[in-house]
Amino acid sequence: FPSHDMKALLLHAVHLNEDILKTINSIPKQKLLLLDKKNPFVRGQYACVYHDFQQGIAEVLASYRHLFLKYQAINIVIEEPSFLQREMAETIRAFTQANAQHCHIYTSFNAAMVRKNEAYLVFSETFLAEILKVCQHKTFTLGKDLGIVSYHETPLKEVLCGGITVLTANHTQLGKSAAELILQQSQRHVPNPFVFIQRNSL
């Protein structure tokens, strides 16, 4: 029977420091499985199940264009800049420019950035809570006065404020794709789909 001894690594950040890259590159590539993100500085042929944020965001903006066009701006709110893919930001900026909207990227929070008639793509649970508190204080109605799309599904978001719209990874499919690569001893790179769940907040 073939050996299925693999080193599966979940890459959270887009940019990795030199020590981490050195460690990853020391692993035999036939034993390496990267999850969540690809990295151009990891050398050789290795297995990977990755999320293409640029493609995922583009598909969401195209499919739900009418919802995003309700707002004068689409803002990216992210606590960890290392998580943000440049291509994803460029995709959102291109959409807003084509539709005469504004686009801002926020990596820290202040109440003044929460404005009426703007939509927020939020990659931070902490910032999501802060935005919701400001909305409550200013009596903004989600999905009407202001739009929110939160990254990553949780049971709480299904019921919070009548439902928070989410963009989330398909974790079940990620696990299936990873298992297939291991069993097939394949070094392919497989994109993992996103799931967009439309709720009250957009």
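Biologist: Which strands form the six-strand open sheet, and in what order?
Modeller: The order is β5-β4-β6-β7-β8-β10, with mixed pairing. Two strands pair if DSSP finds at least two bridges between them. Strands are DSSP runs of E, at least two residues; helices are runs of H or I, at least four; both are numbered from the N terminus. This is a predicted model: local features need pLDDT of at least 70, side-chain atom pairs count only at pLDDT 80 or more, and totals for chains, interfaces and linings use all residues. Residues are numbered from 1 along each chain as its sequence is written, and side-chain values use heavy atoms, with hydrogens and water left out.

Biologist: Which are the edge strands?
Modeller: β5 (102-106) and β10. Each pairs on one side only.

Biologist: How are neighbouring strands turned there?
Modeller: By 15° against each other on average, direction ignored. Axes are lines fitted to C-alpha atoms, for helices over the stretch in contact; angles run from 0 to 180 degrees between N-to-C directions.

Biologist: Do β8 and β10 run parallel or antiparallel?
Modeller: Antiparallel, joined by four bridges. In β10, V195 is the bridge partner of T168.

Biologist: Which strands does α2 touch?
Modeller: α2 packs on the sheet and touches β4, β6, β7, β8 and β10. Its direction makes about 30° with that of β10. Contact means heavy atoms within 4.5 Å.

Biologist: New topic. How many residues has the largest nonpolar core?
Modeller: 25 residues. F68, I92 and F123 have the most contacts inside it. A nonpolar core is a set of buried Ala, Val, Leu, Ile, Met, Phe, Trp, Tyr and Cys residues joined through side-chain atoms within 4.5 Å. Buried means under 20% relative accessible area, exposed over 50%, partly exposed in between (1.4 Å probe, protein chains only).

Biologist: What does F68 contact?
Modeller: Leaving aside neighbours within four places in sequence, F68 meets V60, L61, I74, F95, Q101, V149 and L202. Another core, of 17 residues, lies apart from the largest one. Among its members are Y106, L132, L146 and I164.

Biologist: What about the four-strand sheet, and what is its pairing?
Modeller: That open sheet runs β1-β2-β3-β9, with parallel pairing. Its edge strands are β1 (7-10) and β9 (189-191).

Biologist: How many bridges pair β2 with β3?
Modeller: Four, between β2 (residues 32-36) and β3 (residues 47-50). D36 has Y50 as its bridge partner in β3.

Biologist: Which strands does helix α7 lie across?
Modeller: α7 (residues 171-184) lies across β2, β3 and β9. The helix runs at about 170° to β3.
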